[in-house]
Amino acid sequence: MAPSVGGDPAAPTDTAASQSAPDGSSKAAIDGAQTSKTSAIASSGKQENGVANGETKASGAEAKKRAKAEKAAKREREKAERAGAGGTAAGPQASEQGGQSSGALKPTQNQQKGQKDRQGEAKAQAQAQTSSKDAKASHKRTGSVSAANAQRPLALRRRPSQSGGQAKESKQIVKEVGLFGHLYNQPRRYTIEGASKAVHPAVLALGLQMSSYTICGSSARCVAMLLAFKKAIEAYSTPKETSLPRHMSSHYLSPQIDFLKTCRPISVSMGNAIRWLKDQIIHIDPDTDDGEAKAELCAGIDQFIRERITVAGSAIAASASTKIKPGDVILTYAKSALVEQTLLRAHEAGTDFRVIVLDSRPLFEGKNLARALARAGLRVQYMLLSAAPHAAKEATTVLLGAHAMMSNGRLCSRVGTAVVAMLAHARAIPVIVCCESVKFTDRVALDSIVQNEIAPSEELLLPSAAAGVADGGSLAKWKETPGLQLLNIMYDVTPAEYIDMVVTEFGFLPPSSVPVVHRISTERDVRT
Amino acid sequence: MPSALAPPTPSLTTYLRSLDEAPLDKSITTLISLLKRRQIRSSRSCALATTKLLIRVVEAGEDGSDGKWSSTQALIAHIRTVGRKLISAQPKEIVIGNIVRRVLGVIREVADRDSETVADLSGSEISGPTSPITITGERSVLPMRLSEFSPRDVLSGRPGTADSVASSTFSSPAAAPQQRPNLMTAPTGTSLFSILQHPQTQTRSTSSPYATPPAGTQSPALRPSPTFKSTISTIPEGGESLDIKAEVLDGLAELLDELSVVDTQIAESALEHIHSGEVILTHGSSRTVQRFLLTAAGKKRRFTVFVAELYPNDHLAVHDTLVNGSLPPVSPEDEGLGEKGRWKALTAAGVTVVLVPDTAVFALMPRVNKVLLSPHAVMASGSLLAAAGTETICLAAKEHRVPVVVLAGVYKLSPVYPFDEEGMVEYGDPSKVVGFAEDGRFIDGVDVVNPISDFVGAEGVGLYVTNLGGCAPGYLYRVVGDHYRNEDIELGRD
């Protein structure tokens, strides 16, 4: 029996058994076989494909597997006993023969689950038949696995191709947080592989910059997108049969937009800009020459950027900076270009105030703001969001930036903004939001869950250096831990009650006036 | 485990190990330096170390050679001295003061018990309330007015009546002028202990209208002082001191036991608070919370837990706990089992665990059914001292009407009223926020602050679950009264 077991190097399970058989230790044989068996079951979430390589696993966590196998064996034994598979229970005999035969049996069953090569299978089957009697006689082992296997006929229950695959699949699905399940289909793209040929290189580059947070922030992304579209438009030429207004929008611009959407979900400002641009395109006189039309569009884009973002920004900075009085302590969160402009403007005007910048992981945008302000000579304190109550104790005004203003007056901004607004509101500190009208939207939001952006969970893993451990800390194993999920949302919605004032290029507004202003600003664009 | 070449990193484990061999003075200074350097961090570790050290102090006897104590007065004075040193080593660690006061309470209870038996023997002589050791050493004037009466004393089951105002005055320095003499004094009590302390000023006893102890309101932890008192001259001191030591050590062993079973006891009420399909928000790597949730999960309740990771101070411990399971606490018997003794991870028990950054707390709160927190310390007013980020969670929960449940053993409950809220907050290493190596110029130009703890007012908490059961924040004073003596609340200054 021993030579036949050992004489099949192809099957890893046999090899495991054969490695232990020469020792003459039946227990080791069983262990080796057990590990291969349990690894074949593949239900513990360790990385396994259905073709579980018993020996690779066996060499690893053998002790753990032994315990698991014993448990599994006990279960099967009870089942077998309940099924009345004959009480051929001989006493626990640690006979080598029995060990080896059971070792042979296990490869049989494992292989019948469809993994190993035919030869070993056939051999093992032959052995199984001859040795089954012996196995039954001496099925009792300390691990008791042999009993169950001896009495049970062929493995009907599990086939690793089925169970392994299914188990793995269900585990993988569990990595999405249930509440946000509807948001996980937002793609993220980090390479230009598979991009449509129609996408302009400038747009390709922009897409990658956005998905890697090189360009981050609502206004910045909007401007960058429009500039990239300018380049794309300049490279455009109308096909003969059709005219620019009809063709460009749907056949040229759309692939660019779709590509950007696959890199990272677009912001509200980008959406409004696209809508405006498409509107511009449609209103071009079909008779105008291509070159002229393109120049007109590019000039229009320039004007849009200038009016709705640049000039609007400086107007907002000017008005908001009047709200900063000497001796103020301004509290802000993450990085908003508008807030930075406001603070620098107030500082240039000579007002004496200091700033507390709150920040959070994983993006740490506030660090850049703090650095820029410190460089300009402001007195800056930097804290993480967990210190927000301490910051709020000293603050006199809170200045926040926006990703979007919803039509029910709620502010959609970087996740954590709602926390700052809530703490400020609890202490009756005025909360001022600086937001251009290009960020206003028709949509309404009641919570941060229905509409949001989910970033890949991997961004929450600590960079190795920060974790202080080479392998990135315990969290690096989060994928193998079933039931553990990481949530990385990008935005949250601040209730309108927490916001005292919205500063736009049209002036100071209460949050409830947002839909009115939005209508005015879109109508104005449509009219021209 | 430590090699001969490098001494092991000082920690609770090494300290407990050294406690048996090292001389007492050295042990005290070692603990003081561990506390100062914050090498012992969590509440439970500090409580354990303090308890064990005080046990050693009691064992060592008055002369330090395992002898007997001449009187409970001497023992109490000694404990107070040691306690003062420990508290001043780390004043922001409230639990140290709690343990010192518990130990003092145990000693006083033993003394009361003994004097009861002695009183039966030697007859009775009613004496009025006298005050125990005061800072200035002067007897306090007994408040005589009804307005000075505090219901606390009646309900706390202690016959202390005159300590009514004094107990409130020690906690409110701006007391009414008529009580000015009481300001710096510990509250008076009508316990026998006071007689043991100042036999010579026995003559000053005056009867207070409130001398009668209330009937029936007995606290489980401390028995009320006897109504009959005897003069100290009739108490044989020599014979009783041996008993005192043994009995005090018994009481302290019970205290040590309590520290080790506190998690299990709190977890007993887990099923009363968690239902199937619940969504719970918690934070940090607290073992109490883990045990609580594991108990419910073990009874096959399927729920989801959002864990806020408390960056930058506790997030590594949180990650470790979520992935690998909680490290068991260093218990009095076995000094930690290390990796092998880890508890099951919540995920392994069938719970869905979602790790969220601290920023997402407000965004998720509308969908959370319950918030579960574990503090560093709880004040008698119901407010708590917890990890930074707790106030955000509590306020967000309040805004969304989500109940906040705080799990805290009684050892975390402090009788001291928190007047200086800002002063209780501990600040930590700013390099955890932005490292010097990472960005030196940034640190140069910007002031980086890293608070470790938050102070949360009582209105932020809905329910306290202690090892004695659940209670509302407004009821905590009663639990405080059960476990601490008024005379111990003010430990004086060095």
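Hi everyone. Let me start with one residue: S269(B) sits in the loop between helix 9 (237-267) and strand 1 (279-283) of chain B. Please keep in mind that this is a predicted model.

Is S269(B) buried or exposed? With a relative accessible area of 10%, S269(B) is buried. Which residues does S269(B) touch, leaving aside its neighbours within four places in sequence? The contacts are with F292(B) and V465(B). There is also something polar here: a polar atom of the S269(B) side chain lies 2.9 Å from the backbone oxygen of I266(B). For a sense of distance, take K432(B): this residue is 163 residues from S269(B) in sequence and 37 Å from S269(B) in space, C-alpha to C-alpha.

Now let's step back to the domains of chain B. The domain assignment gives domain 1 as 12-124 + 237-251, and domain 2 as 268-488. In the contact, domain 1 of chain B takes part with 24 residues and domain 2 of chain B with 29 residues. The C-alpha centres of these two domains of chain B are 29 Å apart.

How much area is buried between domain 1 and domain 2 of chain B? The figure is about 2300 Å², and carbon and sulfur atoms give 52% of that. On the domain 1 side, R44(B), K92(B) and R101(B) lose the most area to domain 2 of chain B, and together they make up 27% of what that side buries.

On to the polar side of this interface. Between domain 1 and domain 2 of chain B there are 12 residue pairs in polar contact, both at pLDDT 80 or more. Helix 1 (12-21), helix 3 (43-60) and helix 5 (94-122) of chain B each bring at least two residues to the side of domain 1 that touches domain 2. Helix 5 of chain B gives the largest share of that side, with 11 residues. By residue type, the domain 1 side splits into 8 nonpolar, 4 polar and 12 charged.

With those charged residues in mind, how many salt bridges cross the interface of domain 1 and domain 2 of chain B? The rule finds 4. Let me show you R38(B), whose side chain meets that of E426(B) in a salt bridge at 2.9 Å, N to O. R38(B) also forms a salt bridge with E93(B), again listed at 2.9 Å, N to O. R38(B) is in the loop between helix 2 (24-36) and helix 3 of chain B, while E93(B) is in the loop between helix 4 (72-89) and helix 5 of chain B, so this pair ties together parts that are 55 residues apart in sequence. R38(B) and E93(B) are both buried.

Another pair to look at is R108(B) with D488(B), a salt bridge at 2.5 Å, N to O. This one links distant parts of the chain: R108(B) lies in helix 5 of chain B and D488(B) in helix 16 (residues 486-489) of chain B, 380 residues apart. Both R108(B) and D488(B) are buried. They also belong to a network of salt bridges that links R108(B), D112(B), R485(B), E487(B) and D488(B).

For a local example, go to E59(B) and R56(B), which meet in a salt bridge at 3.9 Å, N to O. Why are these two about one helical turn apart? Because they are 3 residues apart in helix 3 of chain B. E59(B) counts as partly exposed at 29% relative accessibility, whereas R56(B) counts as buried at 16%.

Last stop: the two chains together. Here 51 residues of chain A are in contact with 49 residues of chain B. The area buried between chain A and chain B is about 4200 Å², with 67% of it from carbon and sulfur atoms. There are 3 salt bridges between the chains. R367(B) forms a salt bridge with D447(A), and their closest N and O atoms are 2.6 Å apart. Several elements of chain A supply at least two residues each to the side that touches chain B, among them helix 16, strand 3 (379-384) and helix 18 (417-426). The residues on that side of chain A divide into 33 nonpolar, 10 polar and 8 charged.

And a quick look at helix 16 (residues 365-375) of chain A: its buried residues include E365(A), K367(A) and L369(A). Just after this helix, G377(A) takes a positive phi of about 100°.

Key: Residues numbered from 1 in each chain as written. Chains lettered and ligands numbered in written order. Predicted model: local features only at pLDDT ≥ 70, side-chain atom pairs only at ≥ 80, totals over all residues. Heavy atoms only, no water. Domains from an automatic or database assignment. Contact = heavy atoms within 4.5 Å. Buried area = accessible area lost by both parts, 1.4 Å probe. Polar contact = N/O pair within 3.5 Å; in protein donor to acceptor, adjacent residues only side chain to side chain. Helix = DSSP H or I, 4+ residues; strand = E, 2+ residues; numbered from the N terminus. Nonpolar A, V, L, I, M, F, W, Y, C, P; charged D, E, K, R; others polar. Buried < 20%, exposed > 50% of the residue type's maximum accessible area, 1.4 Å probe, protein only.
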